[in-house]
Amino acid sequence: MSYQATLNKYLQVIVGKKLEKLNLACEMMMFSFAEFELHSQCLTRIICENDILVTTFDYQSWDGDVEENNDEWYFVEQNRAKIVGGTVISVNVNALHDVTICLDNSISIELFVKNGYHHFDNEQEQWVFFKRNDHSYPFITVYNKSVDIAVDW
């Protein structure tokens, strides 16, 4: 079943909303748009004017001692003022469930589903989208090859 149109419909609610926060947890980026959250565990890139500012893969470059001493955290802190505060002007989900969010401050956020089928493991969570403190709004979880849209969670 194709979820592209459904995902596009649900994610349009952030158009016109500001990116208020960007938080990190290991290789996960967590974006807050007013009352909506987008948590990405897949390959995520933040781009400004055709320049990649940071990716989740940058987490792999670190000092080996302190979790926060990695390039993902470093580049987010270095560019936080450029990234946070922009207003969403468009959201697009493609047929593979990759997401592109464009902000009015020349920032683009790209989420790429990073895995095909696994033969040693089950599907892995790629990204989730939900409305904070509102269990009537669907909680969307995108996996490698499937989508779960929980209503009244």
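Helices (H or I, at least four residues) and strands (E, at least two) are DSSP runs, numbered from the N terminus.

This is a predicted model: local features need pLDDT of at least 70, side-chain atom pairs count only at pLDDT 80 or more, and totals for chains, interfaces and linings use all residues. Residues are numbered from 1 along each chain as its sequence is written, and side-chain values use heavy atoms, with hydrogens and water left out.

**Stop 1: the whole chain**

Show the surface. The protein chain exposes about 8000 Å², and carbon and sulfur atoms supply 49% of it. Accessible areas come from the Shrake-Rupley method with a 1.4 Å probe; for residues, only the protein chains shown count as cover.

Of the 153 residues in the protein chain, 43% are buried. Buried means under 20% relative accessible area, exposed over 50%, and partly exposed in between (1.4 Å probe, protein chains only).

Now consider contacts, meaning heavy atoms within 4.5 Å. Take those between residues at least 6 apart in sequence: 48% join residues at least 24 apart.

**Stop 2: the six-strand sheet**

Select S1, S2, S3, S9, S10 and S11. In that order these six strands form an open sheet with antiparallel pairing. Two strands pair if DSSP finds at least two bridges between them. S1 and S11 stand at the edges with a single partner strand each, so one side of each has no neighbour in the sheet. From one strand to the next, the twist averages 10 degrees. For such angles, axes are lines fitted to C-alpha atoms, for helices over the stretch in contact, and angles run from 0 to 180 degrees between N-to-C directions.

Zoom in on S1 and S2. Six bridges join these antiparallel strands. Pick Lys21 and find Ser32 of S2 opposite. Helix H2 packs on this sheet, touching S1 and S2, and its direction makes about 175 degrees with that of S1.

**Stop 3: the five-strand sheet**

Next, select S5, S4, S8, S7 and S6. This open sheet has them in the order S5-S4-S8-S7-S6, again with antiparallel pairing. S5 and S6 (88-93) are the edge strands, each with a single partner strand, so one side of each is left without a neighbour in the sheet. Neighbouring strands here are turned by 20 degrees against each other on average, direction ignored. Helix H1 (residues 4-11) packs on the sheet and touches S6 and S7; its direction makes about 160 degrees with that of S6.

**Stop 4**

Select residues 107-112. How many of the six residues of strand S8 are buried? Five are, so S8 is largely enclosed by the rest of the structure.

Look to S4 (residues 43-48). S4 pairs with S8 in the antiparallel sense over six bridges. Leu43 stands opposite Phe112 there.

Then look to S7 (residues 99-103). Four bridges join S7 to S8, and the two run antiparallel. Thr100 faces Glu110 of S8 as its opposite residue. S7 and S8 form a hairpin with three residues between them, and Ser106 in the turn has a positive phi of about 70 degrees.

**Stop 5**

Move on to S5 (residues 51-55). S4 and S5 pair in the antiparallel sense over four bridges. Among the partners in S5, Val54 bridges to Ile46, and Thr55 to Arg45. Two residues lie between these hairpin strands; Glu49 in the turn has a positive phi of about 50 degrees.

**Stop 6: helix H2**

Select residues 71-83. Where is the kink in helix H2 centred? Look at Glu77, where the kink is about 40 degrees. The bend at a residue is the angle between axes fitted to the seven residues ending there and the seven starting there.

Show the side chains of Glu72, Val76, Asn79 and Ile83: these are the buried residues of H2. An α-helix has 3.6 residues a turn, so residues three or four places apart point the same way. The buried residues of H2 pack against S1 (19-25), S2 (28-33), S4, S5, S7 and S8. H2 lies across S4, S5, S7 and S8, running at about 125 degrees to S5. After H2 comes Gly85, with a positive phi near 110 degrees.

**Stop 7: Asn144**

Finish in the loop between S10 (139-143) and S11 (147-150), where Asn144 is found. Is Asn144 buried or exposed? Asn144 is buried, with a relative accessible area of 4%. Its side chain reaches the backbone nitrogen of Gln124 at 2.5 Å.

Methods
A polar contact is a pair of N or O atoms within 3.5 Å; within protein, one must be able to donate a hydrogen and the other to accept it, and residues adjacent in sequence count only if both atoms are side-chain atoms.
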